[in-house]
Amino acid sequence: MRCADVRLSQCMIVKNEEKNIERALSWGKDIVYEQIVVDTGSTDRTVELARAMGAKVYDFQWIDDFAAAKNYAISKASGEWIAFLDADEYFPPEEAKKLMPLLNKLARTRYYVMLTSWMHVGRDEKIFAGGVQTRIFKRMEGLRYKKRIHEELELDGGSIVNCTVDASNELAILHSGYDLNSSEDKQKGDRNARLILMELEEHPDDYDMMGYLGDAYYSIRDNSGRAEEWYRKSIDRMPAHIDEYDVRSAVTFWKLMTILFKKNDEQAMMEIYGKAIRLIPKECDYDYVAGKFYVGKQDFKKGAYHLARALQILEKHGSVNRGELLTGNLQGTWELLAMCHYQNGELDKCVKCCTALLKADRYLMSTLVMMLCAFKWDEERDAAKAADAADVAMFLGTIYDMNSLKDRIFILRAAMKADYGNLVKVVRGTCSSEELYCFDRSMEQRGRQP
């Protein structure tokens with residue numbers, strides 16, 4: 001392993017992680033000073049694979065305490081800094097390259113904890129949600145984990161907030177841990193619930209742990225109502241004033257809203273929404289959930305209001321410790337908002353949403369079709385005031401390369417899907433007879449396919 005100016009120890013605790021361990025160790029192999037793996041009782045090839053990759057492997061007898069196991073791993077580290085990622089977490093190569101330069105810069109400051117983005121990915125490697133985590137910190141006396149589950153860093157029993165630097169816009173960890181089958185999900189949920197109940201026996205008013213207990217039942221799709229019960233208990237015990245970055249409480253609110261959404265209990269859901277925006281007003285996910293609820297009820301006025309509000313809050317206040325749902329589905333939210341504006345007859349707003357999306361990715365067929373439907377409707381609604389098809393084609397030239405056959409054919413296909421005959425004529429007029437012959441033949445062949 002290559003030693004940089006700052007020595008970084010990669011630490012993790014594991015149990016039966018043979019499917020993840022090689023990837024978990026690969027990202028740091030040529031970057032970190034040492035890799036420390038603390039095994040808590042694996043019965044598969046986790047230990048064998050970790051040793052084969054050069055990691056230092058230690059055994060730790062499991063005592064129902066994640067913090068104790070993590071603190072044991074820290075005690076084995078010798079680097080000045082520690083990266084404590086789980087086995088189902090990793091830095092992609094382009095992110096890993098940024099890590100050491102950031103740490104070398106940070107070593108000359110007063111900060112000893114680094115905040116990074118934390119992105120959840122599915123089997124297709126696509127991000128579906130995001131947040132932030134403190135996984136990189138200085139090795140120092142008194143800086144240790146507390147709580148047997150959902151453990152947190154503290155320094156000599158106090159907060160680390162004032163000594164934490166925000167690198168969430170520069171560095172991102174990918175997390176695949178939600179990609180579990182139903183059996184694994186239930187085992188994890190049952191284990192978490194048991195450990196959280198142990199914590200609550202010792203700290204009965206810990207509303208954070210009550211929220212986490214709600215999560216445990218929520219994750220296993222418990223139908224007994226226990227998730228809702230514990231989320232409500234958590235909210236009842238929240239203080240009158242909450243830190244604006246309290247992501248745990250924010251999650252409690254939007255997950256309870258989601259449960260009520262699924263029960264189609266609009267009144268109860270919006271009562272929780274009201275409490276949520278009073279306590280943590282800079283969180284955008286409440287409006288995201290409410291917006292999706294109203295779209296599902298085909299109340300597009302309220303749907304547009306809440307989705308637009310969610311996006312405005314995100315733009316104004318950012319995503320650090322906020323917006324886990326919305327940041328993981330920005331494109332889908334803009335598409336949904338565009339559809340709401342279309343259904344409400346707010347065609348200019350629909351076109352603006354579609355334009356923003358297409359400037360980010362011009363090959364979104366459904367988005368272009370919606371935009372063209374809006375232009376067509378506007379033309380039919382008031383031909384005297386609306387842009388004609390030639391003007392629409394000119395506008396599309398600000399997004400697409402009209403000298404590119406690929407782009408012109410893409411627009412032509414979208415115009416046909418939108419049944420926008422006037423635009424079809426305009427775009428066909430920009431194509432040669434040979435191009436049109438090939439296009440028409442391909443469309444005929446598609447039409448014959450079952």
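User: Which residues in α9 are buried?
Analyst: A268, M269, I272, Y273, G274, A276 and L279 are buried in α9. Buried means under 20% relative accessible area, with a 1.4 Å probe and protein chains only. Helices are DSSP runs of H or I, at least four residues, numbered from the N terminus.

User: What are we looking at, and how are residues numbered?
Analyst: This is a predicted model, where local features need pLDDT of at least 70, side-chain atom pairs count only at pLDDT 80 or more, and totals for chains, interfaces and linings use all residues. Residues are numbered from 1 along each chain as its sequence is written, and side-chain values use heavy atoms, with hydrogens and water left out.

User: What covers the buried residues of α9?
Analyst: The cover includes α7 (226–237), α8 (247–262), α10 (285–296) and α11 (300–317). Contact means heavy atoms within 4.5 Å.

User: Switching to the largest nonpolar core. Which residues touch the most other members?
Analyst: L368, L372 and L423 do, out of 112 residues. A nonpolar core is a set of buried Ala, Val, Leu, Ile, Met, Phe, Trp, Tyr and Cys residues joined through side-chain atoms within 4.5 Å. Helix α15 (residues 365–381) gives the largest share of this core, nine residues.

User: And what does L368 touch?
Analyst: L358, L396, Y400, F410, I411 and A414, leaving out residues up to four places away in sequence. Another core, of 24 residues, lies apart from the largest one; W27 and W118 are among its members.

Methods
Buried means under 20% relative accessible area, exposed over 50%, partly exposed in between (1.4 Å probe, protein chains only). Helices (H or I, at least four residues) and strands (E, at least two) are DSSP runs, numbered from the N terminus.
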